Each structure stands twice: as C-alpha cells, then as structure tokens.
Amino acid sequence: MLLLVGMRDINFLSPENLINLAADVVPLLIMAVGMTFVIYIGGIDLSSQSVANMSTVLATIALPTFGVGAGILVIAAGLVAGTVSGVVTTRLKVPSFISTLAVGGIALSVGQYASGQQALHMDTAQRQHAFGWMTGQVAGVPVSLILALAIVALAWFIQTRMMPGRIFKALGAGEPVVVASGIRAERYRILAFALSGMFAALAGLMFSVRLSGGSPTLAEGFLLPAIVAVLVGGTPLTGGVGGVLNTLIGTMIVAVVRASMLYFNIPATGQQIFFGVVLIIAIATTIDRSKMRVVK
Amino acid sequence: MFELVNVEKRYMGVHVLKGVDFRIDDGEIVGLVGENGAGKSTLMKVIYGAVQHDAGTLLVDGAPVSFRSPRDAMKRGVGMVYQEQSLIPNLTVMENIFLGFEKPFVRFGAINWKKMAEAARRQLAKVRLDIDPGTITARLTFAQRQLVELAKVLALEERVEGKLVILLDEPTSVLSRDEIELLFSVVRALRHRASFIFVSHRLDEIVALSDRIYVLKDGVVVDVMEAKGADISAIQKKMVGRDINGEYYREDRQAPYDPDRVLLELDHVEIAGQGNDISLTLHAGEVLALVGVEGSGREPILRTIFGMLRPDRGTLRIRGEPVHAFSPAHSVAHGVGYVPRERKVEGIASGMNVFENMTLPQMRNYSHAGVLDIRAERDLAREWIGKLSIKVPSEYADCGNLSGGNQQKVVLAKWRSSGSEIILLDHPTRGLDIGAKEDVYAMIRDMSAHGVGIILVADTLEEAIGLSHTIAVIKDGEIKKWFSCQPKAKPSLYDLIQYMV
Amino acid sequence: MNRFLATDALRKWVPLLVLVGLCLFFTALNPNFLSLRNFARIAISSSPALMVAIGVTFVILMGSIDLSMEGTVAVCAVVFALILNALGGTIAGRGWVALPAALLVGAALGAINGIVHVKLRIPSFMASLSLGFVGIGLSLLITGGDRILIDDPPFRSLLTVRVEGFPLMAYAALACLLVAWFIQDHTTVGRNFYAVGGGEDLARASGLNVGRLRIIGFVLAGVFYALGAIFAVARLGIAETETGRNFMFMSITSVVVGGTALRGGEGGVWNTLVGVLIVNVIGNGMVVIGLADYFQDGVLGLLVIAAVYLSTDRRSLSFVK
C-alpha cells in the first residue's frame, strides 16, 4: 500500500512525510498497545475511547492547578477505570465486552460532568510550561514519537521479559492451567485491564496536549482503529499469541491505509466501512477456533 | 431385532473395538459391562449414531443401516437416555419431549400448546410420571428428569416403524434406592414397547434387571451370559482378568517409605458437599493410591488437597501446619504439585514453550524484581529435558505440539523442578502409549526415592496395585478399606473389587 | 423446595419492583413526575428504544449478542427518509413503500450480521460491532453527513396525534411488542431460541439447526431495529447518522436490567419492556428532579454491572446433581 501510493507520488515516501505520518498516530498507537494486553489474555476493552475522552477533559482541567502533575493524575484515573473493568470482569463474572462498555459509560459521564459538556482549552503558556517538551522535536523527529516508541518498548519488555507478561500469555493459552499452576490468575487479569486503562488515559493525555484542549468527544473514532490495529497486527481475539510489536505493525498499517485513503480522496466515511470489513477479515483469519467450544 | 456384526473402530491409531458382535431381541433387556477404557462408551456411541464405525455392519430387523448422526438413529428407533442429562433446563417438560419435532403441533405458524400438552401427557403416562407437562424442567428432581428423558425417547414410538431400542447409560448413578426400584419397574413394564441396553458400574443391578449380559474387555466381547444365576464376582473377574506384571510397574524399585516423616495429613475432613469423613496420612517416599469406581469421590479429595475445594469440616495439615487458606496458590507455595487428568486443559499451556511451561509455578525463583531470567529458565528446561529424556527439538518447542507422553513429562518436570514434595497424580497415564506409561512409572519410582509423597488416582486397578505402597478403597465418598501394598505381598484385584462395588 | 421457588418468583418480579420503586422515588422528589404529560413523554422516548431492545432480546435469548444496532438504525432511518422523500414525501401516497423498504434493509443487514457470525465462526459481539461501524459509515456515505428532514403530517401523526393522552407511536410500539411476544412464545422459532440459549449442544443433539436459528434471530433483530429507526425518525422528523446514536448502550442495558440473562435462555420481551421503562424513567426522572442528563450514562453503566452480576450470581439453571 505504502509503495502503491509512493509510486503515485514520490513525496509520499519522503522521510518527513513518513515521520509525520507516524507522529499522527501516536495516541492511537498507545491506546492500541494498552488494548493489546487485554486482547492478549482473551478479553476485550471497549472502554478505551471513553477513558481517553475523559482524560482529555481531566488533563485540561487539572493543568492550571497541578502542571505536570496533571499528567500523573490523568494516568492514575485511567488506571482506576481499567482496574474497575478488571474487577467487574473477574470478580463479578461479567463478560468483558459488557463490563468495559459499562465502565466506558461511567467514564463518559465523568468526562461530560467535568467538562460541563463543552470543549475546553488549555492555556498556551501553562501547556508550554508543563508539556511543552512533548511537542518539540529532536533531530527532526517529534518527541511524542520518541516517547511513544519508548512506551512501546516498555510494554514489549513487560510482555516478553517480565512475570506479568508471561502470565498474560498463559492466560491467553487457557486460564485453567494458570490456576492449576498455583498462580492467582484473577489478579493478573485485573492487571491487564488496568494497564489498558492506563495506556488509554496516556493516549488521551497526549492527544489533548497536541490539540491543546479537551472535550468529552475529542477522541471519538479511536475505538475502531485501535481494535483494528491490534487484530490486524496479529493478536487474535482468542489471545495467547501476537503482542505489542504486532500492534506496532498493525498501527502502522492503519496509519498507511488512512493516509493513502486521504491521498486518493476517499472520504473519511469510507474509512469506517473499510476498517469494519478489515476487522472481520482479520478476526476470521486469526482467531483460534480450537479454543472456542461454541461460538456465541 | 438390532444387531452389530463384527464392528471395528479405531481412534487415532488406537484399536477401540475389535470385531464386536452384539445382538438384542425385541423386548429384551441386555446388560453391558466393562472396565473404563474397555470400549463400552464407544460401542454405545456407534449404536446411537454419535460415532461411525470403520468396519462391520449394523442391522435393524436384518436390514443393514448406517447412522450418520443420533437423529438418524432416532429415525430407526434407536434412542439414548444420557447419563449427563440432555434435557434443556429452561424449557418446559413438553417442549423437551418434542424438541425438534414440533411440526405436528403447529397451525398457522402458532404452536397449539393444548395439543402438545396432551401428547406429552400420553408420553409421561408410559413412564408413570404424573406431572404437569408445562413444568419448567429445571424444577424437577433428578429422578423425574430421568423419567422425562425416557419419555422423550419413547415418543419415538409414534414416529418410527418397528420396536425401539433404548440405551440407558448409568441411569442409576445418582438415584436413591426407591427411585432405582421405580425406574426398574418402569423399564420392565415397557418391555412390550422397547428393548433396552443397560450400562452400569453396579453389577448387582445389571444382574437384577437384565436378561443377558455382555462383558466387554479391551474392545472385545469376552463373554455373553444369561443373567439368571450369574455370579457377580465371576463377571468382575472377566472384566479385569489380567495378570499383574511386577516388572512392568518397576516393583523391584519399590523401596519402603519413611514412616517418621509425615508430609500430609487429612484429619476427619469433610469434602465440600459430600458429607463424608476422610482421614489419611501421606509419608515421604510413599505412593498412596485412591481406588474406587468412577464418581466414588476420589477426585474431590485430590482437589481439596490442592486447594481448589474448601472442606466443610476437619483439618488438613501440610508438614504438620494446618491449612486455613484454601487456594491452589497456597498449596503450590507449600510444595504441593498437581498433575491433572485433563492434561491439555490444566496441565499444559499450549502455545507456550517448554521452559515457559516448566517455570510457570515457580517464576519467582527465576526473576529479579519481576524481570525474568530467561537464560536460567532455559538452563533448567535443558537439564530436565535431559533427565527425563523428553523428546523435543529444543526448549523453544511449543508444548501444544508434543506427544501426550512428552507433555506429561513436562508437567512432571514442572513440579519436580519447583521442588514439590507432595505430588497429586490424577490419571497420570491416561491416553499414553505403553512406552510412555513405563516412563511415567519409572518417574514415579524416582520421585519416591527422592522422598516425594505421591497420591495417585490411577487409570486401572492394576496400575494402582503395581505402583503403590498403600491403597485406600473409596466407595460413596468414604474410605471403606485400607490395604498395605508391599512388593510380593500385594492384594489381588478381587480383594479390592469386593470393597469397591 | 418451596422456599427456593418463592425466592425464584420474587427474583422474577425484581425488575418490575425496581420500576415501581423508581416511579415512587421520583414522584416523591417532584410530584410533576406523576402526570399524564410526563408519562406520555416517557412513552415517546421509550418507543424507539423498545423496538431496538426487543430486537436484541431475541439475539440475547440465544446467548449471542448484537452490537450493530447503531449502524443498522442509522442506515434504516436514512434509507427510509430518502425513499419517502423520493416517492412524493408522504406515506399517504406512494411514499408508503419506504416502510417495507426500511424493514427489508434492516432484515438484510441482520442477515449479513448473522451469516458473518455463523459462517465465519466469529464471536457475535465482535462480528456485530464491526458491522455496526460499517453501518455507521454506510449511513454517512449515503447522507454525506447531512440531515434529511421529513415533513409528512400523516407520518408525523405517530407523534402528533394523541389518543387518551398518548401518541399513536406508543400504541404502535405496543402492537409490535405483542407481535414479538407471539413470535417468542407461540412459534417454533421463538421457542427454539430458548432451546439454543438453554443448551446449544443439547439443542443441536436434538436435531435443531442452530446456525440457521442464529441467522433467523439476527434477521428478526434487524427488522425490529428498522422499526426502531422508523419511530425515531417519526419522533424527531429528522433522519441522519446520529439517529442511531446511543441505542447500543441503552438497548443492551434495558435488556439486561429487565432480567434477561446474557448467557441466554431466560427472560423475554416483557422483561425488555420493563427494562426499557426503567432506563427511560431514570433518564426522564433525572431531568424532572433537575439533575443534568450527562449522569445518565454513568448511572446506566452501574445499573448494567449490577444487573449482570445479580443475574449470574443467581442459582445456576444447569442441573445440579
């Protein structure tokens, strides 16, 4: 796809263009990476978009009082939202697509309440002071992109080199074996949801810094591409394989598709149809049907 | 008349049915007995169409038939009363009876409930069950549901020509004395409508109800006898009747255990919901076998020791320490390891490699501040691959792709390497070929020699006798009899069977 | 035995008790709540929601789930409006064709949904979520993001003409509810939905074609989404992509709060009626007592968690030996 567009217009493949392309998808990438953990253990998180929305509002409101601390506050809020999803899913045995939908509703309410249902703006000086470093560039590469790659690297480290990551993998392979190995499986399932909430909040934070404001609908339209990025990257809905690096690739694919569509003047509405269809194809081809006794 | 001639069946290379001949006349009640793994359930599945045989013929009234599905079999009058009941709990009794056959009751798209209820009442009368056909099935007692299930099969009568053949799979296993009597009288009274194939572990019931008895062993019908005057112990011997080969179970390597080191103690423990009273002691180096028929209550004991079930009463001590927190995490932390019967579900994480599987319960020992030391993990895996001669290309091999025997070795290595001193083996040789079984036996001897205490629920009685130091015979949840099991002085199969049935 | 039957019966009535309790609560805080005008208002907001919720009830009874309603409602609404306006702009004339056309579109989208779910063996929540996005995109593509105005008095009479204080729409919705109840309780297909929800393997063993039943369920759901779309358009006089907004969360919440179990086989369209009323009474009541409506999503979120928790914690329907 990249090459196809590249052939039409050589400028498309220029380094600057590619870097801009990448920088554009930083919030999406971070959200998708967080969601990867949940899908990796065989769940789903439909609350990411609402959590990101909420965090754009909270970040904007908290900025004048807390400065950089606003960032920490927002991330903590995401962590809490994710933990609630996790607890509801594991302890109350509510299917994750319902529990995260419900938590998403709650997050949306918080965002609407906090914002008074209107778009808020960050004070330029305050933003510059607290998060200015995020919008800068190092050697022509946006700091946000470097930051995002560092976050991906961290997530990758957690997934492949740390105990929780290993347990996530085992959970994706099958929960009974984890329990029978004497691991408190529920805790780690909750952790996966908590990470997803945290990453979604971080995505919202970066988005709001970039747009210098917040609103309860700012991150609208993130959910579908984020899920697509994870699944197209090769982490199946049944979990256990794939992971963070797959999602990096998946996000790049999404970014390129978007940019190409823009380039070919395909309207934004077409994107949604396209991604919806791609999602079905990705699920159908990657899902591990041996793990599903009945498909409901 | 329903007949099987020279029926063969293989599952993935295993010869399950070896030329079985089976005949049932109209109005006859035939008993079918055999040990676990004798091929009973496969034979039944062939009869009611859930499984297709590889060779041989099925004859209904002398005409060859082929069943591609249970529905096919039902169309020829062969119906099954399932052990794990097949009624849908949230539907009414009449809906269950006519599920999939609602057409005769539909007029202009709407179901005529009155007509269906009448028809259902007629079926229920056959089994002498006087309940409202509109009752939600979940509200019935187990015995009532069993009769409804029978009525459902009997409803075939009006849809097929000829007589019915009805399979009863362990129908009495959860019924009370009175309920069993009721069921038997119903079955006897129905002989003019159908013939029955009756499968049960309870040989006295088989003898009491049947006309003829088929004894199945290793996929072969070893005897067909008249039930009248049949001797239960003779049947039992025909079912097992295999010599115990001391060499096969490495009896020469059976060393006495250490009576002074108690690893595990159950002190008047009442297993959750069983209302029983279990006391036992496991010593270092001891192999303690729990023996009993299917459903006698062996697995719940294992699951309680592993912390998956919380006992209702009594004390469980691990190395003298009473256990209060019942969870697998607690048990594992205190040196209990569990080799589950469902190897692919609870034993092995398929999709994960050998070292990832082995360190799963002991990751804390292979990590610093949560960061895994993968080099050390790989070293560990290589060490155990060598020790147990696990056949894998490398420690990176996906355990889901290994053979059953090698998977079982990985599971055993997982617990051995994590230093478990109490190992619970639930059917450790299930589904393994002979060579792999011998490897497992050798590993059990190794573990004993290292002072590990083992509680074994074996696949066969021979295995339990051959491997263990001590045997506890369990029936209806209680320990009925203890046997000491020293080499050269082992109890016979018959000694155990007496207390099992 | 008797005791558990009693608690069982009690549980069955919990949603209705909650509904009555809510009405009393809001009345106590503001007596204006208990007025014909306000009830008519609740009826108007409930009518489209009831249709959509009934649709998804059929799917949930089978133990599946459908999250495509926002897309389907949007497409149906837009198609309905376009055809109506193209054929003279009134259902009194040739424009009536728009009604069956919208239902057909709903059925077709449902069929696609069911086929993707059953034939590609994808979990229904994901198949329907994806197709919901496709639907939203499709409706945007058709309208180009514009609103389509419907100014057809005969059609708008669903809202404007009142009988006994309630708009025609409420009676029409009630009629559709009766049809749904007939399908659920008195047809083989409806009863077989319960069989699939109660035990899919067992239903299959009894010879039911479970895959076909699933597809039928999704088609039925699609038809009811289309009805919901028509009522929604009648209510606002506008058809646009936004017409479908919020229906997913609201309808799933309604079904679950009404007492239909997510695992399937339990509950039904009457439960859904109660659930829809609970959700709409909460929405209306919060406005009446002066609370901002943006709390609604949060309250519904808590409600759905509580309802699912209570229904799963319930004595299991499966046989305990």
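Biologist: Before we start, what counts as buried here?
Modeller: A residue is buried if 20 or more other C-beta atoms lie within 10 Å of its own. Keep in mind that this is a predicted model.

Biologist: Fine. Strand β10 of chain B, then: how many of its residues are buried?
Modeller: 6 of the 6, across residues 194–199, so the strand is largely enclosed by the rest of the structure.

Biologist: Which residues sit on which side of β10(B)?
Modeller: B:Ala194, B:Phe196 and B:Phe198 are on one side. B:Ser195, B:Ile197 and B:Val199 are on the other, and both faces are covered.

Biologist: What does β9(B) do with β10(B), parallel or antiparallel?
Modeller: Strand β9 (residues 164–169) of chain B runs parallel to β10(B), with 6 bridges joining them. B:Leu164 stands opposite B:Ala194 in that pairing.

Biologist: And β3(B), how many bridges there?
Modeller: 4 bridges, between β10(B) and residues 29–34, again in the parallel sense. B:Val30 has B:Ile197 as its bridge partner.

Biologist: Which helix goes with β9(B) and β10(B) in the β-α-β unit?
Modeller: Helix α6 of chain B, residues 177–189; the unit is right-handed.

Biologist: Switching to chain A. How many helices and strands?
Modeller: Chain A has 14 helices and 4 strands. Its radius of gyration is 19 Å, close to the 19 Å from the globule rule for 296 residues, so chain A is as compact as a globular protein of that length.

Biologist: What box do its C-alpha atoms fill?
Modeller: Roughly 55 × 50 × 35 Å along the principal axes.

Biologist: What share of chain A is buried?
Modeller: 59% of the 296 residues.

Notes:
Residues are numbered from 1 along each chain as its sequence is written. Chains are lettered from A and ligands numbered from 1 in the order in which they are written. This is a predicted model: local features need pLDDT of at least 70, side-chain atom pairs count only at pLDDT 80 or more; totals for chains, interfaces and linings use all residues. Helices (H or I, at least four residues) and strands (E, at least two) are DSSP runs, numbered from the N terminus. The radius of gyration is taken over C-alpha atoms; the globule rule is 2.2 Å times the number of residues to the power 0.38. A residue is buried if 20 or more other C-beta atoms lie within 10 Å of its own, exposed if 12 or fewer, and partly exposed in between; C-beta atoms are placed from the backbone. Two strands pair if DSSP finds at least two bridges between them. A crossover is right-handed if, with the strands pointing away from the viewer, the path from the first strand over the helix to the second runs clockwise.
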